[in-house]
Amino acid sequence: MSPTIRPIRRVLVANRGEIAVRVMRTCKERGLSTVAVYSDVDRLAPHVLMADVAVALGPAPASQSYLVIDKILEACRTSGADAVHPGYGFLSENEDFADACAAAGITFIGPSAEAMRKMGSKTEARKTVTAAGTPVVPGDNGPNGEGFPSSELALAAAKKIGYPVLIKAAAGGGGKGMRLVASEADLPAAFDGAVREATSSFGDGTVYLEKAIIQPRHIEIQVFGDKHGNLVHLGERDCSVQRRHQKVIEEAPSPVVSAELRARMGAAAVAAAKAVDYVGAGTCEFLLSADGGFYFLEMNTRLQVEHPVTEMIYGVDLVAWQLDVAEGRPLPMTQQELDARRRGHAVECRIYAEDPVKFLPSPGKITHLRVPDGPYIRNDSGCYEGAEIPVHYDPMISKLVVWGEDRASAVARMRRALDEYAVRGIETNLAFHRRCFRHPAFVAGEYDTGFIGRNTKELAPRADEGELTAAIIAAALESGTNLHAAPKAGNGAQAASSGVPIAPASPEISGWRRQLH
C-alpha cells in the first residue's frame with residue numbers, strides 16, 4: 001500500500017542564518033507559508049525578515065533558544081505550522097525532537113527518529129553498516145561496543161590497532177571530541193581531553209578508537225530515500241580541505257574519483273542507508289586512502305552545509321526533494337536518470353568571520369559588504385551590510401558556490417568571484433581562500449585532509465600580487481553607487497515579547513533581496 005500524501009501548508013524552519021534563508025526560498029517557490037524562529041540577537045536577521053511569520057525564542061545562547069524543543073513546538077502551535085525543517089546543526093539530528101514533532105502531529109522534514117538513533121551514535125553506526133557490507137576504518141568501539149570508560153582500556157586497544165590512532169566522540173561531529181594520537185605516551189592526556197570536549201559539546205563523553213589513515217581524502221556521498229522504498233545517490237563531494245577537522249572548501253565531483261569508484265562508493269552508501277530504512281536527505285562520509293581503499297566514517301542524517309555543489313552539477317533542488325518526500329511523494333528521479341544528468345563541476349567556499357591565520361572567530365558589525373555576481377555564481381548568505389555577527393553561533397557569512405563546464409573553469413570562476421568579494425568591519429577568511437585558489441597543488445587537485453597544515457606558510461595572507469589584485473578589483477566595483485542598506489529596526493517580521501508573530505512588510509524583503517543579490 002502506497003504512503004498517504006500529506007500536503008504541507010506552512011513550514012517552520014528551526015534554524016537561523018543562511019540555511020534558514022535557503023530553505024525558505026524553496027518554500028516560497030512552492031507557495032508554502034514560512035515561519036522563522038529567532039533569539040534576541042537575531043531579531044533583525046535575514047531569515048526573520050524573509051519569513052511570513054516570526055516567533056521569538058528568548059535569550060541568545062542556543063541552549064536557551066534554538067535548542068529548546070518545547071519552545072520550537074510552542075512556536076509551531078502559535079504560528080500554525082504543520083511541518084518543521086531543522087536545517088543543519090542545532091536540533092537537526094536530535095531523535096527526541098523528531099519524536100516530539102511526530103507526537104504533536106507535526107511533519108518532521110527529515111529521517112525517522114529510529115534511523116537517527118542508529119546512525120547518530122558513531123559506534124552503533126559502525127556496527128550497522130558493517131553488517132550491511134559497507135567497509136569501515138579499522139578500530140575498536142570499546143567494551144560491548146559502548147565506548148571506552150578509561151584511558152587504560154583505550155591504551156590496550158590502541159596497541160592492538162597500531163599507532164597513529166584517532167580518539168573520536170561517539171555522539172560527535174565537526175572535529176569536536178577528536179584527538180590524533182601518535183604514540184602510547186600521548187594517549188592518556190588526549191583521551192581525557194577528548195572526553196571533556198565531547199561531554200561539553202554533546203552532553204555525552206563516550207569515545208572510541210579508529211586507525212588513523214595517513215593523508216586521506218574526505219569523500220562523502222549524498223543519498224536520498226523516500227517512503228516508497230526508493231533509495232538513490234547523487235555522487236560524491238570532496239571535502240578534504242579542512243582546518244581542525246572542519247570543512248572549508250568542497251567540490252563535486254572529486255578530482256580523484258573515477259566513474260568506477262563513484263559507482264562502488266555510491267553502492268556502499270546506499271547499502272548503509274538501506275540498513276536503517278532511510279528516508280530523506282542523508283550523507284555517508286568516507287575516508288579515501290591513497291591506494292583507492294575507502295572506509296565509512298559516519299552518516300549525517302540531515303541536509304549538509306555543502307549540498308549546493310551537488311545541486312549545481314545535477315540541476316536539482318534538494319530542499320524541494322525533502323519537501324516532496326516528507327509529504328509522502330516518491331523521488332522525482334531514478335538512479336539511471338541521475339547518472340545521466342550530472343554535468344560540469346562545482347566548488348564551494350565557506351566564507352567565515354574569522355582570523356584568516358589562526359581561524360578564530362571575528363564577531364562584530366559588517367560595515368561594508370560587496371558580494372560577487374555573474375554567470376553561474378551562487379551566494380547563500382545569512383548576512384547583510386550593517387548586520388552583526390554574534391558571538392553565540394557559527395561565524396559563517398555565506399557559502400560562495402560556482403559552477404563551470406569542467407574543474408579548471410570552475411576554479412577560475414571561483415578565483416574571480418573571490419576577488420570581487422569585499423567585507424569590512426570584521427576579519428574574514430577571504431584572503432585564505434584567494435591564496436588557496438592560486439596554490440599550485442590545489443589548482444592541480446592534488447590535496448588531502450592535511451593540505452592546510454602542510455601549506456600554512458603559503459596560505460597565510462600577505463599583500464602579494466594576488467591580494468593586491470583582489471583589492472583593486474573590489475575597490476573598482478565599490479566605486480559605483482552603493483545599494484547596500486541594513487534593514488531599519490521595527491520593519492520586517494518581528495514578534496512581541498509574548499511571542500505573538502507579526503508578518504513582515506514586503507518592501508523591506510525586496511530591499512534585502514537586492515542587497516544580497
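The following legends describe close-up views of a predicted model. Local features require a pLDDT of at least 70 and side-chain atom pairs a pLDDT of 80 or more, while totals for chains, interfaces and linings use all residues. Residues are numbered from 1 along each chain as its sequence is written, and side-chain values use heavy atoms, with hydrogens and water left out.

**View A. An open sheet of four strands, in the order E6-E9-E7-E8.** The pairing is antiparallel; strands (E, at least two residues) and helices (H or I, at least four residues) are DSSP runs numbered from the N terminus, and two strands pair if DSSP finds at least two bridges between them. Strands E6 (139-140) and E8 (179-181) form the edges, each pairing on one side only. E6 is joined by two bridges to strand E9 (residues 207-211), where leucine 209 is the bridge partner of aspartate 140.

View B. Five of the five residues of E18 are buried, that is, under 20% relative accessible area with a 1.4 Å probe, protein chains only. Ile377, Asn379 and Ser381 point one way from the strand, and Arg378 and Asp380 the other way. Five bridges join E18 to the antiparallel strand E20 (residues 396-404); arginine 378 has valine 401 as its bridge partner there.

View C. Cysteine 349 is buried, because its relative accessible area is 0%.

Technical notes: Buried < 20%, exposed > 50% of the residue type's maximum accessible area, 1.4 Å probe, protein only.
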